[in-house]
Amino acid sequence: MLAIRNLNKRYGRFQAVSDLNLDISEGEIFGFVGPNGAGKTTTMKIICGLLRATSGEITLDGTDIIQNSKSIKEKIGYMPDFFGVYDDLKVSEYLEFYASIYNIKGQERKRITDDLLELVDLNSKREAYVDSLSRGMKQRLCLARSLVHNPRLLVLDEPASGMDPRARFEMKEILKNLKGMGKTIIISSHILSELAELCTSIGIIDQGRMVISGSNAEIMQQVYNKKVVKLKVTARLDDAVLILKEYPFVDKLVIGENTIQAGFKGGDGEMSRVLSGLISRGIPVVSFAQMDGNLEDVFMKVTRGEEEQWA
Amino acid sequence: MGINPVLLKELKVRMRGWRAAGIIALYLLVLTAVAVFIIYTVFTDPYTSSIDPQVSIGAYTGLAIIQFILIMFIVPALTAGAISGEREKQTLDLVLCTKLRPISIITGKLFASTSQTLLLIIASFPIFSMVFLFGGISIKEITQLFGFYMVTAVTIGSIGIFFSTHLKRTTASTVLTYGTLAFLAFGTIFIGVFYIRIFYQWDYEKFLPLLYSNPLAGFSSLLAEQFGYYGGINSFLGLSAGLGRNSNAVKAISPWLGNIIFDAVLSAVLLALSAARINPVRKGIFGFLRSGRRRKKASGN
Ligand SMILES: Nc1ncnc2c1ncn2[C@@H]1O[C@H](COP(=O)(O)OP(=O)(O)O)[C@@H](O)[C@H]1O
Ligand SMILES: [Mg+2]
C-alpha cells in the first residue's frame with residue numbers, strides 16, 4: 001500500500017533521514033520506533049505532505065504522493081506529535097470544521113461526528129470548548145479529527161506521549177479498535193515495548209537510518225535476545241546450522257549464503273562454547289563476531305526506561 | 001466546493017461572544033461622536049446657514065475620513081496574526097495536512113477579516129444616512145465611498161496576511177503591516193516632496209505614479225472628485241487631492257482609480273506569495289530559502 005524508496009531529508013547540512021526504505025501493506029500496523037531525534041517525525045511529515053523530501057520517492061497505492069497530493073491527502077489521516085487546538089470552538093464544532101473541509105455535510109456530518117466522539121469516548125464533552133479539555137482528551141480529539149474523512153492510512157506520531165498511564169491505556173484501547181476496523185496504521189514511539197502488543201510489524205530507526213525492520217515477532221526476539229552473533233563459514237553451512245540447533249540457548253537462526261546470524265540468550269561463556277563446538281567438529285569458521293554494537297546501542301535506547309514504565 | 005470552510009469557521013469564532021459586538025459598539029461610538037461634533041460645529045458657525053448643502057458635505061467628508069482612518073487601523077489588527085497565530089498555536093499543520101489548498105486557507109482568512117470590516121461599514125450606514133437629511137449627498141457617492149473602503153480593506157488585509165505568513169511572530173507581523181501602511185500613506189508623500197524640493201522638479205506628473213500606491217491620495221482624490229474643492233478636502237492633503245483635478249495631470253488617470261488598480265495588483269501578488277509560502281511541498285527558490293531558515297531554529301522534535 002505505502003512504499004518508501006531511498007528517502008532522504010536534509011535540514012541544511014544535517015541529514016535527518018538517510019536512504020530510508022519501507023513497505024507497508026494493507027491492514028498492517030507498523031510501529032516506527034527510535035530514540036528522540038531519530039527522524040520519525042520528519043519521515044511522517046514527508047509522508048503526509050507537510051515537508052518536502054530532499055530525495056526519494058513515496059507512493060501510496062502506486063501513486064506518487066507529491067504529484068497527486070490532493071487525492072493522497074484524502075487517503076491519509078495524520079496526528080502530529082505536538083499540536084494545538086482552536087480556542088473558541090466546541091468539540092463538535094471542531095470536528096465539523098474538519099469534516100466541512102472534506103465536503104461532508106448535513107446528516108452525514110452529524111453521524112460521523114457522533115460516531116467519532118463515541119469512538120474516542122468524548123461524547124459527554126461535545127458541547128465543551130476544546131481548550132478546556134485535558135491533554136489526554138485533546139489527543140483523543142485530535143485522533144478523531146484525523147479520522148473524519150475515513151482515511152485508509154493513519155499516520156500517528158507518538159499518540160500516547162506525555163499521557164499518564166490511564167490515558168495511555170485508553171489510547172491503546174482506541175487504537176486496538178481501529179486495528180479491528182482494518183485501518184492501516186503507522187504509529188511512532190521512542191519506547192519499543194509500548195507498541196509490542198499492537199503492531200504487526202516494527203521498524204527501528206536511529207540517526208535517520210532504518211536499523212532493522214520486520215515482523216513484530218522477529219524484532220522482539222532480536223531485541224530481547226540482546227546478543228546476535230554473525231558467523232561466516234567457507235563450507236558445510238548446513239552442518240553448522242545443525243550443530244547450532246543443538247544448543248538450547250541458540251534460539252534463532254537467520255541463514256544467508258555462507259553466513260549465519262544466531263540469536264543468543266546466554267553470555268560470553270555460551271558464545272565461546274558454541275565456537276569451540278563448531279571448530280572441534282571440523283566446521284571451517286572464518287569469522288565469528290557479535291553483531292555491530294550499533295544495533296545493540298539502539299536496542300538499549302529504545303528499551304531504556306521500560307522497567308520504570310511497566311513496573 | 002461550497003463556501004470556504006476556513007471562512008465559515010473564522011466567522012463563527014470571530015462573531016462569538018462579546019468581542020465582536022464590543023468592536024462594533026466602540027466603532028459606532030467613535031463615528032457618532034465625530035458626526036455629532038461636526039454637525040454641532042457647523043450649526044453653531046454663524047457664517048453657514050443651516051440649510052446649506054455645505055453642512056452635509058462637511059459632515060460626510062468628516063465621517064468618510066474618520067471611517068477611512070479607522071479601517072486603516074483595524075484591518076491590520078484583524079489580519080496580521082492570521083497565519084502566524086496558527087503557527088504559534090500549532091494548528092497550521094492540522095489544516096495543511098487536509099486536502100484544503102493553501103490558497104483556500106489564505107483567502108478564507110482574508111475574507112473573514114474583510115467580512116468583519118464590511119460589517120463595521122454596514123453598521124455605520126445609519127450614521128452616514130444622517131447627512132442625507134441635509135441634502136447634497138446622493139446614494140451614488142456613498143456607494144463609491146464604501147466600494148473604495150472595501151478595496152482598501154482587502155489590500156491592507158493582504159498586506160497583513162503576507163507578513164503573517166512570512167514572519168514567525170504575530171507581533172513582528174503586526175508592526176511590519178502598520179509600517180508598510182505608514183510608508184504607503186506618508187512615505188510616498190515624503191519621497192515626492194523631497195523629489196520636488198531637492199531637484200526643483202515641479203512636474204507633478206512624474207510624481208503621480210508613486211501616488212497611485214498611496215491610499216490617502218486615492219481616497220482624498222475620490223472625495224475631491226465627488227465634491228470638488230469643497231468640504232475641507234484641500235486643507236487635508238491638498239497636494240494629492242488637487243492632483244485629481246490638476247489640469248496638467250488630466251492626461252493621467254485620477255489617483256483613486258490608479259490606487260484601485262494598484263491595490264488589485266498588489267493584493268493578487270501578495271496573496272499568491274502567501275499561498276506559496278505556506279505550501280510545504282512547493283519547489284524552487286522559496287523552498288530553498290525556507291529550509292535554510294529552518295535550520296537556524298533547529299530544535300528537537
Ligand atoms: N526544522 C528542522 N530544522 C533543522 N533540524 C531539524 C528540524 N526538524 C527536525 N530536525 C532535526 O532532525 C532530527 C530528526 O528529528 P525528528 O524527525 O523530529 O526526530 P524524532 O521524531 O524521531 O524525534 C533531529 O536531530 C532534529 O533536531
Ligand atoms: Mg518526533
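Predicted model: local features only at pLDDT ≥ 70, side-chain atom pairs only at ≥ 80, totals over all residues.
Residues are numbered from 1 along each chain as its sequence is written, chains are lettered from A in the order in which they are written, and side-chain values use heavy atoms, with hydrogens and water left out.

**Domains of chain A**
- Chain A is divided into domain 1 (2-214) and domain 2 (220-292), with bounds that come from an automatic or database domain assignment.
- Taken over C-alpha atoms, the centres of domain 1 and domain 2 of chain A are separated by 40 Å.

**Interface between the domains of chain A**
- Six residues of domain 1 are in contact with four residues of domain 2, where contact means heavy atoms within 4.5 Å.
- The area buried between domain 1 and domain 2 is about 330 Å², of which carbon and sulfur atoms give 84%; buried area is the accessible area (1.4 Å probe) that two parts lose on being put together, summed over both.
- Between domain 1 and domain 2 the count is zero salt bridges, a salt bridge being a side-chain nitrogen of Lys or Arg within 4 Å of a carboxyl oxygen of Asp or Glu.

**Chain B**
- Chain B has 14 helices and zero strands, helices (H or I, at least four residues) and strands (E, at least two) being DSSP runs.
- Of the 301 residues of chain B, 48% count as buried, that is, under 20% relative accessible area (1.4 Å probe, protein chains only).

Conventions. Buried < 20%, exposed > 50% of the residue type's maximum accessible area, 1.4 Å probe, protein only.
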